[in-house]
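Hi,

Here is the structure I promised to pass on.

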Amino acid sequence: MTASDDITARYFETDNERVLEFDRKGRTAAVAQNLEGYGMLKVRETADSPELERYYGFDMALDHAAELLGVRPNDLPVPDRASDMGM
């Protein structure tokens, strides 16, 4: 788990996906990718909710996640294990 100011980031893996989930004052956003580490990134409100949008690039997915949280993309702490997400 990584924290920056009032934003917490948690990276974890499920049976099917790599997930980077952000929490800011009870608001959440998640970026998910298949376990193999290729394919489009899915942005969701939570790790389990339906996808809102898909992106090829990690930067674009982070932009959308930041928008959901009401912060700038550079404010999102990205754990090292998640830094290689995206195509």
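Let me start with one arginine: the side chain of R18 reaches the backbone oxygen of R81 at 2.8 Å. I list this as a polar contact, which is a pair of N or O atoms within 3.5 Å; within protein, one must be able to donate a hydrogen and the other to accept it, and residues adjacent in sequence count only if both atoms are side-chain atoms. R18 sits in strand β3 and is buried, with a relative accessible area of 7%. (Buried is under 20% relative accessible area, exposed is over 50%, and partly exposed is in between, with a 1.4 Å probe and protein chains only.)

Before the rest, some ground rules. This is a predicted model, where local features need pLDDT of at least 70 and side-chain atom pairs count only at pLDDT 80 or more, while totals for chains, interfaces and linings use all residues. Residues are numbered from 1 along each chain as its sequence is written, and side-chain values use heavy atoms, with hydrogens and water left out.

**The whole chain**

As for the elements, helices (H or I, at least four residues) and strands (E, at least two) are DSSP runs, numbered from the N terminus.

Along the principal axes, the C-alpha atoms fill a box of roughly 30 × 25 × 20 Å. Buried residues make up 45% of the 87 residues. The chain exposes about 5000 Å², and carbon and sulfur atoms supply 43% of that; the areas come from the Shrake-Rupley method with a 1.4 Å probe, and for residues only the protein chains shown count as cover.

Now for contacts, meaning heavy atoms within 4.5 Å. Among those between residues at least 6 apart in sequence, 38% join residues at least 24 apart.

**E17, another β3 residue**

E17 also lies in strand β3. Is it buried or exposed? E17 is buried, with a relative accessible area of 12%. Its side chain makes a polar contact with the side chain of K42 at 2.9 Å, and another of 2.8 Å joins the side chains of E17 and R44. Leaving aside neighbours within four places in sequence, E17 is in contact with F12, A32, Q33, N34, L35, K42 and R44.

The side chain of D23 reaches the backbone nitrogen of G26 at 3.5 Å. Beyond its neighbours within four places in sequence, D23 is in contact with D6, I7, T8 and T28. D23 and D6 are 17 residues apart in sequence, and their C-alpha atoms are 8.3 Å apart in space.

D6 itself is in the loop between β1 (2-4) and β2 (7-13), partly exposed at a relative accessible area of 29%. Which residues does D6 touch, not counting those up to four places away in sequence? They are D23, R24 and K25. With R24 there is also a polar contact of 3.2 Å between the side chains. D6 and D75 are 69 residues apart in sequence and 9.5 Å apart in space, C-alpha to C-alpha.

K25 belongs to the loop between β3 (17-24) and β4 (27-34). K25 is exposed, with a relative accessible area of 66%. Its phi is near 50°, a positive value in a residue other than glycine.

**T46**

Last stop: T46, in the loop between β5 (41-44) and β6 (51-55). T46 is partly exposed, with a relative accessible area of 31%. Setting aside neighbours within four places in sequence, T46 is in contact with E21, T28 and A30. T46 and L35 are 11 residues apart along the chain, and their C-alpha atoms are separated by 18 Å.

Happy browsing!
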